[in-house]
Amino acid sequence: MNGNRIITPFGAESTAAEVLDGIDLSGKRAIVTGGSSGIGVETARALASANAEVTLAVRSVEAGQRTAEDIIAGTGNKQVYVASLDLADQGSVAAFVAAWSGPLDLLVNNAGMMGRPDLRLTPEGWEMQFATNHLGHFALALGLHDALGAAGDARVVSLSSVGHRRSPVVFDDVNFARRPYDLGLAYGQSKTANVLFAIEATRRWSSDGITANAVHPGTIAATNLSQHLDRDVSAALAASAPYAQTYDESKVRFKTIEQGAATSVFVATSRQLDGIGGHYFEDCNEAVVLDPDAPNTTISGVAAYALDPANANRLWELSLALLGFE
């Protein structure tokens, strides 16, 4: 699986502006979920700087408007819009989809959440991280399928995390109904789901001109996600054995926000990836698949279970069932 890894001229220190150098996105339309904070802002800013039309899909329209005004002022691109989207609320997802018209070239599923140490459920009974990080984005992409297909060569970017290595998707109990709740495992399975989505979306939709890839942006200081890591959450993550020891967190190298957005922007725009989907990228390159039988303390690499086609198909079918689309 690693024999033909996709290697690029970029790396961990590359910025979104650098990977976009020489690329003109005039006429392209993009949606960035969570586009009003963290790497979502920088992803949207970079795409707008390359002349794309960008819609910030955000929970707080007020924050989104401030971000849009800042991006417009900085790039001179007036085609930066804001729309309300709460990924934990399927009604909100449906409303966003219903309001969208015309083709869609780039869907960047950037938004994410890391919950409190206690179990939180949606009104449907879904564990909050799985519901937000996976099911919300799954429903969004499903609803926008025809718009993506109309673009002719559309891409979906699914933001995952090295945290996916904490847990596979536990298909028999995704909502922790029969096992003790664990923040690290819950976050981990939601991030694994983000990778599996990209695998199966490409398999099902590539004939429609739609490809999807997953990315790990790296560890970025001072984003809204990292701000949730208070003492209680940090302690819960540290205690989430056995997956807590799948990599040495003391060796984490922090990136700037501009560097953190680079992999998403590269995967969304590089001609090197024309027609290519179903891969997991980190530091602007395809990641090495880890040996499940060997100790893995490196920060780099993707778990084999996150790329497994059978897991990807099973997750897709489970997601359809949970959303009532059987």
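A residue counts as buried here when its relative accessible area is under 20%. All the views below come from a predicted model.

**View 1. The whole chain, before zooming in.** The protein's 326 residues are 55% buried, and the fold is built from 12 helices and 10 strands. Take the contacts between residues at least 6 apart in sequence: 79% of them join residues at least 24 apart. Confidence averages a pLDDT of 91, with 89% of residues at 70 or more. The stretch to treat with care is residues 223-245, where pLDDT is below 50. Even so, that stretch has 42 contacts in the model beyond near neighbours in sequence.

**View 2. Phe197, a residue of H7.** Phe197 belongs to helix H7 and has a relative accessible area of 4%, so it counts as buried. Leave out neighbours within four places in sequence, and Phe197 still touches Asn109, His134, Phe138, Ala141, Val156, Ser158, Leu315 and Trp316. Asn213 is 16 residues from Phe197 along the chain, with 8.7 Å between the two C-alpha atoms.

**View 3. Where H5 crosses H12.** Helix H5 (residues 128-143) packs against helix H12 (residues 309-322) at about 85°, with 11 Å between the axes. Angles from 65 to 115 degrees count as roughly perpendicular, and H5 and H12 therefore fall in that class. On the H5 side, the contact uses Phe130, His134, Leu135, Phe138 and Leu142. H12 answers with Leu315, Trp316, Ser319, Leu320 and Leu322. Some of these names also turn up around Phe197, including His134, Phe138, Leu315 and Trp316.

**View 4. Ala151 in helix H6.** Ala151 sits in H6, which runs over residues 145-151. With a relative accessible area of 24%, Ala151 is partly exposed. Beyond neighbours within four places in sequence, its contacts are Pro103, Leu104 and Asp105. Ile210 lies 59 residues from Ala151 along the chain, and their C-alpha atoms are 8.7 Å apart.

**View 5. Lys255, a buried lysine.** Lys255 is part of strand E8 (residues 254-255). Its relative accessibility is 9%, so Lys255 counts as buried. A polar atom of the Lys255 side chain lies 3.2 Å from the backbone oxygen of Pro217.

**View 6. Two loop residues with positive phi.** Neither Asn51 nor Cys284 is a glycine, yet phi is about 80° for Asn51 and about 65° for Cys284. Asn51 is in the loop that links helix H2 (38-49) to strand E2 (53-58), while Cys284 is in the loop between strands E9 (280-282) and E10 (285-286). Which of the two is buried, and which is partly exposed? Asn51 is partly exposed at 37% relative accessible area, whereas Cys284 is buried at 0%.

Conventions. Residues are numbered from 1 along each chain as its sequence is written. Side-chain values use heavy atoms; hydrogens and water are left out. Helices (H or I, at least four residues) and strands (E, at least two) are DSSP runs, numbered from the N terminus. Buried means under 20% relative accessible area, exposed over 50%, partly exposed in between (1.4 Å probe, protein chains only). Contact means heavy atoms within 4.5 Å. pLDDT is the predictor's confidence in each residue, from 0 to 100. Axes are lines fitted to C-alpha atoms, for helices over the stretch in contact, and angles run from 0 to 180 degrees between N-to-C directions. Angles under 35 degrees count as roughly parallel, over 145 as roughly antiparallel, 65 to 115 as roughly perpendicular and the rest as oblique. A polar contact is a pair of N or O atoms within 3.5 Å; within protein, one must be able to donate a hydrogen and the other to accept it, and residues adjacent in sequence count only if both atoms are side-chain atoms.
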